[in-house]
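Trainee: Can we go through this one together? I'd like to start with the terms.
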Amino acid sequence: MKRIVFSCLLLAASLRAEVKLPAIFADGMVLQQQQLVRVWGTAEVGEDVKITFGDQTHSSVADPTGKWSIILNPMNANAKPADLVVAGKNTITLKNVLVGEVWICSGQSNMQWTVKQAGKADEEIAAANHAQIRMFNVERSPSMTPQSDCKGGWKEASTANVGDFSAVGYFFGRHLHQVLKVPVGLINTSWGGTRIEAWTSHESLAERPCATEMIADWKDHVSKWDGAKEQAAFEKRKTDWQAQVKKIDEENAKLPADKKQPKPQAPRPPDDPTKTPHHPSVLFNGMVAPLVPYAIKGAIWYQGESNQRRAFQYQELLPTMVNDWRKQWVDAFSFYIVQLANFGNGHPVTTEAGVPDAWAELQEAQTLTAQTLDKCGIAIINDIGEQNDIHPKNKQEVGRRLALWALAKDYGKTGTEYSGPLYVSSVVQGDKVRIQFDHAGTGLKTRDGGELKQFQITGADQKWVWAKAKIEGNEVVVWSETVPQPVGVRYAWASWPEGANLINAEGLPASCFRTDDFLPSTLGVVSPFKEITPAKPAPAKP
């Protein structure tokens, strides 16, 4: 018995003594070029740790908590696979390591959406033969406290692997690789249906007044949670539902096909508030914190659908998260946002102007963040959405438009326009409003060569009407005979702005915008526990 105990103690001591690395450091990884690259891990207290990579050798000593870190000097891109060796009392050899450009890809389902779910999936998968493009998929795991490690692995963009890659991430990385001719590493940390507050650290959220009520509501929800009681209530709902379905099946068996009754949706099981991916900060804790401070060039972000009912709050939450991540990395890295695509949002087309629309308000929040923060940009995709599917299949163009921003702002490829027209300012001239834009490119035009559509105008009475509009140089002039003293103009201000057609000569669409400062429909909604259905958020058809 003593021998067994002694052996167990020796094994435990041996395990503690082992040099260990977080999962992000693994075979096939890509290291960021032309930056200091930190490698970190754990070992026995006081243990000497040495790293060798290429012509570099550096060493460190594990601190009193068993942690160590070593910084590699900046390196040029290198597509030749090499070994990175970490040696202490044991040795870890990471193989097939490249040096190039590294980007984080994050958000909800439209970032999680895989290549095999995207348009032309079979064709894309068959053509995938890019050994220099790698993706690390972070395993989805919420946590109430910040974690030091995650699960995942690096894979090459091959026919065997690429189907499970984030489609937006892959097409973004592929475009960079094709232009830059260097390896590209993509870290996919995304989860469908999640909200931005889950991706933001508690410390940063706690500093924001707009998050105070939300944090308090979640704290109250957790304190009142009774798992056993909730499970019992769920079992009763499920039993009732099963009985209802059985009754409908029996009745439907006697009816012709066109008379059959639809079946009700099954009840959802209880969602433990300490395990849900919706609790504030849990995805930062479990899926972002473990990546810090892995050297990166920047991040791309496709999220917002789950925050539309709190769109005005998003004006504060999005820049808070961007600044939070930059603070965590101690690096004001580039951050590029995908504006939500046009989408029917489950509502019928309306011919009414001036309809409040939370989707457009969320798009506005995204654009304001991109225009306000340094080293931010926004990919406008309001021309490739699908009316009845929140997940547009054309992820190739989403990735390309994100890459246009990165190539221009981070890699000096400024030979062509990289954004659609963005509203800058407006001037009222009598009964007309003249609107100015950034990113007009080599000129404004309409996609179909016809008249401009989806412009609305109002006077001080806030009675919106459809307006006439025309392009004059790099400006748009808007008016209506029924509004002699205009004070506000809106463009494409709807989740499905049917016919919106303002683009630049480079073919990139203009963002939705408004020149007015009227109160938005989502003002004051700051907690998911108090969300309301936005007033008549309908697609617009002038």
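Mentor: Helices (H or I, at least four residues) and strands (E, at least two) are DSSP runs, numbered from the N terminus. The model is predicted, so local features need pLDDT of at least 70 and side-chain atom pairs pLDDT 80 or more, while totals for chains, interfaces and linings use all residues. Residues are numbered from 1 along each chain as its sequence is written, and side-chain values use heavy atoms, with hydrogens and water left out.

Trainee: Where is H177 found?
Mentor: H177 sits in helix 4, residues 167–180.

Trainee: Is H177 buried or exposed?
Mentor: Buried, because its relative accessible area is 14%. The cut-offs are under 20% for buried, over 50% for exposed, and partly exposed in between (1.4 Å probe, protein chains only).

Trainee: What does the side chain of H177 reach?
Mentor: The backbone oxygen of V182, at 2.7 Å.

Trainee: And which residues does H177 touch?
Mentor: Q132, I133, V182, P183 and V184, leaving out residues up to four places away in sequence. Contact means heavy atoms within 4.5 Å.

Trainee: Back to helix 4. At what angle do helix 4 and helix 11 pack?
Mentor: About 50 degrees, with the axes 7 Å apart. Helix 11 covers residues 395–409. Axes are lines fitted to C-alpha atoms, for helices over the stretch in contact, and angles run from 0 to 180 degrees between N-to-C directions.

Trainee: What do we call that arrangement of helix 4 and helix 11?
Mentor: Oblique, therefore. Under 35 degrees counts as roughly parallel, over 145 as roughly antiparallel, 65 to 115 as roughly perpendicular, and the rest as oblique.

Trainee: Which residues meet there, in helix 4 and helix 11?
Mentor: Helix 4 brings A167, V168, F171, F172, R174, H175, L176, V179 and L180. Helix 11 brings K395, Q396, V398, G399, R400, L402, A403, A406 and L407. By class, this contact of helix 4 with helix 11 has 12 nonpolar, 3 polar and 3 charged residues. Ala, Val, Leu, Ile, Met, Phe, Trp, Tyr, Cys and Pro count as nonpolar, Asp, Glu, Lys and Arg as charged, and the others, Gly among them, as polar.

Trainee: New topic. At what angle do helix 9 and helix 10 pack?
Mentor: Helix 9 (residues 311–329) and helix 10 (residues 358–372) pack at about 25 degrees, with axes 8 Å apart. The two are therefore roughly parallel to each other.

Trainee: Last one: where is L31 found?
Mentor: In strand 1, residues 30–32. L31 counts as buried, because its relative accessibility is 1%. L31 touches several residues, including V37, F53, L72 and Y294.

How values were computed
A polar contact is a pair of N or O atoms within 3.5 Å; within protein, one must be able to donate a hydrogen and the other to accept it, and residues adjacent in sequence count only if both atoms are side-chain atoms.
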